[in-house]
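Reader: I'm new to this one and would like to learn how to read it. Could you walk me through it step by step?
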Amino acid sequence: MGNTVSFMTRNFGKYDRSSIDSYESVGGFSALKKAIAMTGEEIADRLAACAIKGRGGAGYDMGKKWRQAREVDKPDKVVICNADEGEPCTFKDRTLIENDPFRLIEAMIIAGYSVGAQNGYIYMREEYAHLRPLLLNAMEQAEKKGYLGKNILGKEGFSYQLHLYSGAGAYVCGEGTALVESMEGKSGRPRMKPPFIKQCGLFHLPTCVNNVESLCLVPSILLDDQNEYQTYGTPGSMGTKMISVAGNVKKPGAFEIPFGVTVREIIYDLAGGVTDDNEIQLIQFGGASGKIASADILDTPYTYEDLSAAGVGVGSGAILVVDQRTSVLNFLRITQAFFSHESCGQCTPCREGNTQMKRMLEKIADKTHTAQDLATMKNICMIMKNASLCGLGETAQSAFTCAMERFPEIFAVRTEGN
């Protein structure tokens, strides 16, 4: 497809995913061999030069994160791969694991070397249990080949082990500290910060957490001697991005795109257009926690800066297309029900805010809400955004507040006689 590229996905379909020898035949572990000839600082600098923003949703500078993790002066550190991917409409990490499991293993080993960790953990969501054998097999073969264990590839002092954990299916465990709590056998609830996870994370050790996609970029970046990555995208959004497109589209799927293609090209070229050629009601970016837009956004380039200027964001890379058969109000009620169910209930802004949002949507559906109700709800949403303990509460109100701006007719207050 003309609007897709194969930078980190170039191995898809080109090797036997159950065989490390097959992976090596397409250049597998060449990046690791190159990495151990570099210093951890040089690897972090390489990522920083490519301006890679974390692909999990927060968009934190990845080179900076690895540099900060390396600078923590402790003898024992850990790296965690966040493969929870609980954001609705987001399945690009699953696609990467399914098609190139050894790449993730190689990336985790490079991460451990770069930040000075002794152990790496892959935290996988419960719904991806069918992928456990694939990763366990890759880990076992990597250890037999000498890519895991003591003095890896003859590098004196570089010893590293990988471990695979499965979550219990909680959305909130996509947040770093809740993920760590879950791995420690506790209820998956976010921790108060500080201390930050980079200083005190899993088992109270300095911890560096990265998303699957973020990690899978690393081997390609280290082998990119011709700086191909920098030729993609725009000055403000360099490189490529894995996106997940679903909803009312003819060809839902995960695609690697260069930043800068338009939303229209993504929906109508890559995803085949809207089901039954219906009109678009709304588009949600970045999963259930993302903001929504009308069809007016179709000609906006898919970049961090352009989407932000349009009032939405990249987030997890999800794009959910909702056609005219679903009302905006019903969409909001479904989204709110999801967050009410997934809220851990630990902090008041999220717990009570979601309850109030549910009541407000019921009143709007019954057309019994008042202008004062809406004003109160705006204040509650502001409190949720600014005072919640983690990203769930901060963003649970995103679709609601965005809809109030973009679809004001839904919230129109009934006047006397009408």
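Reader: Let's begin with helices. How near do the axes of α3 and α6 come, and at roughly what angle do they cross?

Author: Two packed helices are described by the angle between their axes and the distance between the axes. Axes here are lines fitted to C-alpha atoms, for helices over the stretch in contact, and angles run from 0 to 180 degrees between N-to-C directions. Helices (H or I, at least four residues) and strands (E, at least two) are DSSP runs, numbered from the N terminus. In this case, the axes of α3 and α6 come within 7 Å and cross at roughly 120°.

Author: Before we go on, a word on the source: this is a predicted model, where local features need pLDDT of at least 70 and side-chain atom pairs count only at pLDDT 80 or more, while totals for chains, interfaces and linings use all residues. Residues are numbered from 1 along each chain as its sequence is written, and side-chain values use heavy atoms, with hydrogens and water left out.

Reader: Which word describes how α3 and α6 lie to each other?

Author: Angles under 35 degrees count as roughly parallel, over 145 as roughly antiparallel, 65 to 115 as roughly perpendicular and the rest as oblique. That is why α3 and α6 are oblique to each other. Their crossing is left-handed, a term used if the near helix is turned anticlockwise from the far one by less than a right angle (right-handed if clockwise).

Reader: Which residues meet there?

Author: G40, I43 and A44 in α3 meet I110, Y113 and S114 in α6. Contact means heavy atoms within 4.5 Å.

Reader: What about α3 and α4: at roughly what angle do their axes cross?

Author: Helix α3 covers residues 40–49 and helix α4 residues 62–71; their axes come within 7 Å and cross at roughly 160°. Therefore α3 is roughly antiparallel to α4. Here too you'll find a left-handed crossing, of α3 past α4. On the α3 side G40, E41, I43, A44, D45, L47 and A48 take part, meeting M62, G63, W66, R67 and R70 in α4.

Reader: Now the inside. Which residues touch the most other members of the largest nonpolar core?

Author: A nonpolar core is a set of buried Ala, Val, Leu, Ile, Met, Phe, Trp, Tyr and Cys residues joined through side-chain atoms within 4.5 Å. Buried means under 20% relative accessible area, exposed over 50%, and partly exposed in between (1.4 Å probe, protein chains only). The largest core here has 68 residues, and W66, L104, I109 and Y160 touch the most other members. Helix α6 (residues 101–115) gives the most to this core, with 10 residues. Apart from it lies another core, of 43 residues, including L179, V322, V328 and M360.

Reader: What does W66 contact, leaving aside neighbours within four places in sequence?

Author: Among its contacts are I43, A44 and L47, then I110, A111, S114 and V115, and also C208.

Reader: How many disulfides does the structure hold?

Author: A disulfide is a pair of cysteine sulfur atoms within 2.5 Å, and the structure holds 0. Take C208: the nearest cysteine sulfur, that of C81, is 11 Å away. C208 counts as buried, at 3% relative accessibility. For C347, the nearest cysteine sulfur belongs to C350 and is 5.1 Å away; C347 is buried too, at 16%.

Reader: Where is L374, and what does L374 touch?

Author: L374 lies in helix α14 (residues 371–387) and is buried, with a relative accessible area of 11%. Not counting residues up to four places away in sequence, L374 touches M360, I364, H369, M404, F411 and V413.

Reader: And the backbone: which peptide bonds around P194 are cis?

Author: The bond from K193 to P194 is cis, with omega near 0°, and the bond from P194 to P195 is cis as well, with omega near 5°. P194 sits in the loop between α8 (176–183) and β4 (207–211). That loop also holds H204, a residue other than glycine with a positive phi, near 65°.

Reader: Is H204 buried or exposed?

Author: H204 is exposed, with a relative accessible area of 56%. D277, also not a glycine, has a positive phi of about 55°, and at 61% relative accessibility D277 counts as exposed.
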